[in-house]
Amino acid sequence: MGQQYLKVNSIEELLVNLDKPGAMVLCGGTDLVVKMRSGLLSPELLLDISDLPELREIRNIGSKIEIGAAVTQSELLASEIVRERLPLLITVLSQLGCVQIRNRGTLGGNLVNASPAADSAVPLLLFDAEVILTGSQGERRLAVKDFFRGPGKTALSNGEFLRAVLIPLPNPKLSPFFHKIGRRKALTIAIASLGALLHVEGDLIHEVRLAAGSVAPTPIRLRRVEERANGKRVTASLIEEARKLARQSVSPIDDIRASADYRRTVIADLVAHLFEGVLHV
Amino acid sequence: MIGAAVLRPDAIDKVRGEARFVDDLAFPGMLHAAVIRGTVPHAKICKLDLKSVSKHPRVICTLTANEIPGENVVHVIYDDQPALADEIVRYIGEPIALLAAEDRTSANQAVKLATINYEELPAVFDSLSALSPDAPTVAVPAATEKAPNLFNAMRIRKGDVAQGFAQADVIVEGEYHTGYQEHAYLETQGAIAVPELNGAMAIYGTMQCPFYVQAAVAKVLGLPLSKVRVIQTATGGAFGGKEDVPSLVACLAALLAWKARRSVKLVFDREEDILTTSKRHPSIVRYKSGAKADGTLTAIEVDFVYNAGAYQTLSPAVLWRGLMHAAGPYRIPHVKIDGRSVATNTVPCGAFRGFGSPQVIFAHESQMDRLAERLGIDRLEIRRRNALQIGDETATKQRLSESVGVLQTIEKAGRLAHWEERLRKVEAFNAASRDRRRGLGISSVMYGVGLGGKAPFLDKAGAYMKLEADGSIGIAVGTVEMGQGLTTALTQIASEALSVPFDRIHLAPVDSSRVPDSGPTVASRGTMMSGLAILDAAAKLKERIRTVAKDLHIPKNEIPSRLKEIAQAFFMRNLDPAVEGWAQGAPVDWDEETGLGNAYFVYAYATHIAQVEVDLTTGEASVEDFVAVHDSGRIVNHQLASGQVEGGIAQGLGFALMEDIPQEDGRLMTTGFTTYRIPTIRDIAADTKVAFVEALYSAGPFGAKGLGEVPLMASHTAVSRAVAHALGAAVNTYPLSPERVKGSVA
Ligand SMILES: Cc1cc2nc3c(=O)[nH]c(=O)nc-3n(C[C@H](O)[C@H](O)[C@H](O)COP(=O)(O)OP(=O)(O)OC[C@H]3O[C@@H](n4cnc5c(N)ncnc54)[C@H](O)[C@@H]3O)c2cc1C
């Protein structure tokens with residue numbers, strides 16, 4: 001049961017060690033340490049990347065923002081550019097865990113942990129963000145939607161790690177919406193969540209993007225609803241169709257937090273509620 | 001001094017992290033214990049093989065039931081619970097064997113090396129199934145042939161309910177369900193057993209009832225009581241969870257310490273604590289109420305069943321309090337109440353703040369609202385009309401002669417909440433809102449202070465008090481500080497009684513060898529009973545001080561400022577500077593056959609009003625506003641009392657809205673605070689008003705009664721009724737999760 005801990009000082013050192021058997025990346029540890037303690041995981045070599053400068057930057061590159069995987073949620077919440085250009089991310093992160101968790105938890109950790117309830121996945125899906133994966137063979141980019149492969153499963157291959165997330169700056173006309181349903185108001189894992197970016201004029205939907213958490217094996221975009229609604233006027237029948245399509249788009253499970261049935265209904269109703277809101281401003 | 005907000009004597013140490021909780025303590029050569037537990041709900045133990053456990057290089061010893069030197073029981077009320085399961089395991093998590101190792105990690109590893117073979121027996125998990133005559137027998141001994149698992153059945157018969165319902169213009173009936181509630185104290189259970197010379201055993205631990213622990217450890221070790229000394233360590237919350245369970249924890253540690261002849265520490269981790277220790281009894285309450293057109297109650301008929309778990313522990317006492325509180329703070333001429341507690345193959349339930357009353361309060365207050373609705377009477381008004389007053393008779397035919405403040409709590413709560421205006425505002429909001437509904441809930445409760453007519457022998461308390469040579473005062477009592485502020489309140493009482501400054505008085509940690517058995521620190525009795533014992537001691541000490549002062553020609557009015565001089569005289573002249581105080585509860589009586597009698601010597605009261613807002617789309621309910629008004633007689637420290645109320649509101653809100661432990665075939669499905677949710681600061685109404693009406697009790701210290709449990713009792717139903725009001729729908733089951741609430745949205 002030997003367990004080793006190594007604080008890596010460079011990407012090279014990380015890559016060399018990542019190939020070793022039983023090696024695992026440790027960042028904030030807010031998922032990993034919990035799983036180790038409960039015996040779900042027992043890595044032999046922990047590679048602590050939380051202080052790697054290359055992974056701790058938030059950079060504005062033209063029309064995109066690149067966020068290093070080891071940037072903590074608290075740092076994101078304090079970042080000027082994120083506050084200005086990605087208000088949805090701020091809304092979401094301010095509801096993730098609690099202050100103590102956000103001081104340690106990172107964007108990278110939240111994504112690689114790949115929980116169906118990972119809160120930051122919802123805005124990243126809505127932004128059409130990409131992940132940058134680095135391995136000894138080099139770097140590749142992948143849409144966030146293709147990164148999640150199932151509960152706890154990602155597209156990372158052996159020896160690869162998540163270096164950064166690349167977010168195309170959304171049209172500022174898209175207003176953010178996020179509703180996370182939990183059993184209490186803070187420090188709660190989503191029973192279900194709905195996020196949206198919505199650009200309407202009067203009752204005309206110029207563009208809508210919808211994503212949901214905790215209602216499928218991975219966080220998902222609700223494309224069929226989007227396709228039905230984009231460019232349309234909000235009417236009673238559109239709302240009902242959106243409700244139906246949202247219901248059909250999800251595949252939730254029963255668990256200790258709630259039933260599949262509730263999750264299906266509540267996501268459908270939240271989608272309908274979002275469109276109803278357009279009619280009632 | 002009485003009523004003042006003083007700095008808690010324990011505040012600084014706790015804030016600085018210097019208070020020593022049980023897990024902070026170590027003794028030379030101390031071992032670490034771990035418990036080998038049953039993994040099936042009901043089974044015969046065919047084989048218990050600890051060879052591999054013993055072979056673990058760090059394990060010092062193991063212990064099984066047949067090695068117990070005294071009796072294999074955890075003494076609480078009935079001796080039905082073994083310290084270690086012998087032939088049969090009756091719930092998942094029941095202790096079967098013990099081990100002690102040089103360190104905790106090894107102890108926890110070694111547990112996994114035990115081999116236990118079972119022959120599984122049919123098991124039963126819910127109280128109604130367990131009541132059927134052909135249910136597997138869980139209770140030891142079987143209760144009756146027809147109902148083997150009927151632990152306790154108790155009743156009240158007053159007047160003639162048939163006649164009462166015949167007089168009623170309206171009758172409403174309802175069935176109410178509540179589930180487990182976990183105490184979620186910050187500090188988990190733990191004890192250290194330290195062998196002392198001459199075969200004696202000392203127990204250090206986190207607890208509410210040092211004298212229960214003393215009795216239990218003496219019994220399991222076969223020692224005289226005088227050879228067991230119990231020292232309470234700084235205790236990080238209890239809420240009833242440290243009433244009976246520490247007896248079990250201490251017994252297990254003591255058995256290993258006895259065998260190893262070394263100190264042994266046993267501390268549960270959170271998962272072990274949640275899964276294997278007591279909780280609030282799940283309940284089913286059927287309630288029928290009748291009232292006249294003007295709202296006057298004529299009769300109630302109540303039948304309630306509590307799931308007790310595999311052993312009795314405190315269930316008879318919990319059930320009795322439920323019985324005594326099922327009618328609420330109202331005048332009701334005809335009363336028929338039946339309560340039953342039932343054995344099942346689940347973790348034994350026990351004491352939890354409110355002690356069997358919150359379940360029936362949910363029912364009685366819901367019924368009041370439904371009567372009001374049917375009769376077209378305002379909900380506050382129907383409570384006002386039926387509220388008990390001095391001279392009235394309770395459901396047990398006790399005539400109330402003093403200190404009945406319930407009506408004042410209702411009226412004051414109504415005023416502080418602007419009840420009628422707020423009702424109109426809520427209606428206006430609801431008329432205008434498409435997707436949100438607000439609601440108001442009101443809940444009034446009464447609480448019998450102290451242990452009452454079922455166990456009057458427990459309502460006593462001692463105090464030891466000495467005048468030190470410098471004029472400062474040392475005190476020892478037998479009730480404990482568990483975070484509630486007892487040390488502060490008692491020091492204030494002593495300070496007032498002796499005219500000695502607050503910071504010149506020190507209360508020693510509770511040690512059972514210092515004072516006589518003072519009963520448990522439960523039933524909201526600490527301030528009152530130990531306060532009375534301190535007053536008794538103070539009167540005796542003052543008498544002696546006066547005699548010496550007279551001798552020294554110190555005039556009476558100069559005694560406080562010249563106490564040091566007087567104390568010096570005690571010292572120089574070899575005078576006895578120590579006294580003992582004693583307090584007994586006023587007489588109570590109760591007849592088992594009719595359920596009638598003077599159940600408690602006095603009652604505390606409260607009325608809470610909550611405003612909630614429900615999101616109709618998601619079913620999320622949030623508490624927006626709260627008013628709590630209490631009558632606990634004289635308030636000894638307003639700040640601490642308000643803190644108690646605020647904490648109780650939070651705990652009740654959790655019970656009503658979010659706290660829940662699903663159980664599948666006897667297995668509890670929440671193992672920690674990720675899945676067992678208690679409220680956070682965000683869930684508590686930003687605007688919470690706490691106020692008191694002080695209906696003084698002549699036999700209490702400076703007129704004080706009890707407070708500790710009452711806030712929780714009142715708050716949960718204020719919240720759940722507010723949700724019901726918001727939805728315009730029945731709310732009969734806790735917790736009101738988003739899913740359940742959405743399911744009720746019409
Ligand atoms: C009390 C509590 C509350 C929480 N509340 C929420 C919540 O509300 N919403 C929510 O979504 N989550 C919540 N979480 C989960 C957790 O905090 C987040 O998922 C967090 O973002 C994880 O980040 P981390 O840096 O701590 O990850 P770690 O625990 O360090 O790592 C998580 C996983 O990702 C891997 N990993 C980390 N970084 C990389 C990388 N760069 N490349 C490759 N692999 C990597 C690790 O090997 C591990 O498998 C909560 C956790 C706790 C303990």
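**Close-up views of a predicted two-chain model**

**Figure 1. Contact between chain A and chain B in the predicted model.** In this predicted model, 18 residues of chain A are in contact with 21 residues of chain B. Helix α12 (residues 260-279) of chain A supplies five residues, the largest share of the side of chain A that touches chain B. By class, this side of chain A consists of 10 nonpolar, four polar and four charged residues.

**Figure 2. Chain A and its overall dimensions.** Chain A contains 12 helices and 14 strands. Its radius of gyration is 19 Å, close to the 19 Å that the globule rule gives for 281 residues, so chain A is as compact as a globular protein of that length. The C-alpha trace of chain A extends over about 60 × 45 × 35 Å along its principal axes. Of the 281 residues in chain A, 48% are buried. Among the contacts in chain A with a separation of 6 or more, 59% are made by residues 24 or more positions apart.

**Figure 3. Chain B and its overall dimensions.** The secondary structure of chain B comprises 19 helices and 25 strands. For its 746 residues the globule rule gives 27 Å, and the radius of gyration of chain B, 26 Å, is close to this value, so chain B is as compact as a globular protein of that length. Taken along the principal axes, the C-alpha atoms of chain B occupy a box of roughly 80 × 70 × 50 Å. Buried residues account for 60% of the 746 residues of chain B. Where contacts in chain B join residues at least 6 apart in sequence, 80% of them link residues at least 24 apart.

**Figure 4. Domains of chain B, with the contact between domains 3 and 4.** Four domains are assigned in chain B: domain 1 (11-121 + 183-276), domain 2 (125-180 + 281-384), domain 3 (399-449 + 600-661 + 684-746) and domain 4 (460-541 + 554-575). The centres of domain 3 and domain 4 of chain B, taken over C-alpha atoms, are separated by 36 Å. In chain B, 16 residues of domain 3 are in contact with 14 residues of domain 4. The side of domain 3 of chain B that touches domain 4 of chain B has nine nonpolar, five polar and two charged residues.

**Figure 5. The seven-stranded sheet of chain B.** The seven strands of this open sheet in chain B follow the order β3-β5-β1-β12-β9-β10-β11, with mixed pairing. Strands β3 (59-64) and β11 (228-232) of chain B lie at the edges and have a single partner strand each, so one side of each is left without a neighbour in the sheet. On average, and with direction ignored, neighbouring strands of this sheet are turned by 25° against each other. Within chain B, strand β9 (residues 190-195) and strand β10 (residues 201-205) pair in the antiparallel sense over five bridges. A191(B) has G205(B) of β10(B) as its bridge partner.

**Figure 6. Helices packed on the sheet of chain B.** Helix α3 (residues 104-111) of chain B packs on the sheet and touches β1 (31-37), β3 and β5 (95-101) of chain B. The direction of helix α3 of chain B makes about 20° with that of β1(B). Helix α7 (residues 245-260) of chain B lies across β1, β3, β5, β9, β10 and β12 (264-267) of chain B. Relative to β9(B), helix α7 of chain B runs at about 35°.

How values were computed:
Residues are numbered from 1 along each chain as its sequence is written. Chains are lettered from A and ligands numbered from 1 in the order in which they are written. This is a predicted model: local features need pLDDT of at least 70, side-chain atom pairs count only at pLDDT 80 or more; totals for chains, interfaces and linings use all residues. Two strands pair if DSSP finds at least two bridges between them. Helices (H or I, at least four residues) and strands (E, at least two) are DSSP runs, numbered from the N terminus. Axes are lines fitted to C-alpha atoms, for helices over the stretch in contact, and angles run from 0 to 180 degrees between N-to-C directions. Two residues are in contact if their C-beta atoms, placed from the backbone, lie within 7 Å. Domain bounds come from an automatic or database domain assignment. Ala, Val, Leu, Ile, Met, Phe, Trp, Tyr, Cys and Pro count as nonpolar, Asp, Glu, Lys and Arg as charged, and the others, Gly among them, as polar. The radius of gyration is taken over C-alpha atoms; the globule rule is 2.2 Å times the number of residues to the power 0.38. A residue is buried if 20 or more other C-beta atoms lie within 10 Å of its own, exposed if 12 or fewer, and partly exposed in between; C-beta atoms are placed from the backbone.
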